[in-house]
Amino acid sequence: MNEEEILMLTIALPKGRILKDALDLLQEAGYESPFSIQDSRKLIFTHKDTTFILVKPADVVTYVEHGVADVGIAGKDVLMEEDRDVYELLDLKISPCYIAVAGLPSYQDTGVMTKIATKYPNIALTYFKSKGKQVEIIKLNGSIELAPLINLADQIVDIVSTGTTLKENGLVEYEKIVSITSRLIVNPVSYQMKDERVGNLIERFEKVIEKQKIKG
Ligand code: PRP
């Protein structure tokens with residue numbers, strides 16, 4: 001890395017649900033990110049010494065692991081699901097939600113192998129294993145709530161945020177598995193080589209988090 005590269009910072013931001021919270025946090029932290037980012041189809045924005053890239057939430061960790069982004073904002077769900085070579089440095093306390101087991105209110109456990117539709121096969125398997133329950137996992141990439149409605153699966157393991165998607169599809173929550181917030185993740189090489197820029201980002205985020213804690 002030359003000196004110019006060391007001074008630049010690339011931040012991977014997740015598109016979708018978390019983006020607004022992530023941009024608000026960056027703005028509060030004093031980063032002049034291009035806030036038109038939300039209304040645009042552009043995927044890369046550079047402002048002064050910082051580049052922002054917009055990626056699918058589940059891919060943030062891939063960009064950071066490969067070092068093409070120095071840091072990223074990723075949901076704890078993704079970090080739990082995949083064991084990747086990145087440092088998780090800070091709980092940003094944004095976009096709180098949780099992972100739950102849900103299904104139709106009429107579902108009766110017959111004791112035979114329950115079929116679980118989910119984006120999170122590892123989290124689901126670990127959870128059911130801890131309960132001593134054998135399940136068959138059906139991996140989906142989205143619209144998980146559809147699965148029990150059309151008999152693809154008996155239950156789902158998915159993110160619940162406002163609860164609207166469950167409600168509007170006539171599903172109920174059976175058990176909560178784990179609380180989720182977004183985290184700041186860092187590439188291990190960037191953490192060493194760009195310690196000043198990364199350290200500064202962490203400091204600024206910590207101040208905002210502290211301020212928001214006081215505000216309640
Ligand atoms: C997520 C999640 C649920 C929904 C929960 O889906 O998988 O479907 O949000 O939010 P709610 O409790 O506020 O309704 P997302 O919007 O990311 O889309 P997806 O179906 O493509 O996964």
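In strand β9 (residues 155–160), Val-157 is the bridge partner of Val-101. The structure is a predicted model, in which local features need pLDDT of at least 70 and side-chain atom pairs count only at pLDDT 80 or more, while totals for chains, interfaces and linings use all residues. Residues are numbered from 1 along each chain as its sequence is written, and side-chain values use heavy atoms, with hydrogens and water left out.

Strands β6 and β9 pair in the antiparallel sense over six bridges; pairing requires that DSSP finds at least two bridges between two strands. Strand β6 also runs antiparallel to β10 (residues 172–180), to which seven bridges join it, and there the partner of Val-101 is Glu-175. Strands are DSSP runs of E with at least two residues, helices runs of H or I with at least four, numbered from the N terminus. Six of the seven residues of β6 (residues 97–103) are buried, so this strand is largely enclosed by the rest of the structure. Buried denotes under 20% relative accessible area, exposed over 50%, and partly exposed the range in between (1.4 Å probe, protein chains only).
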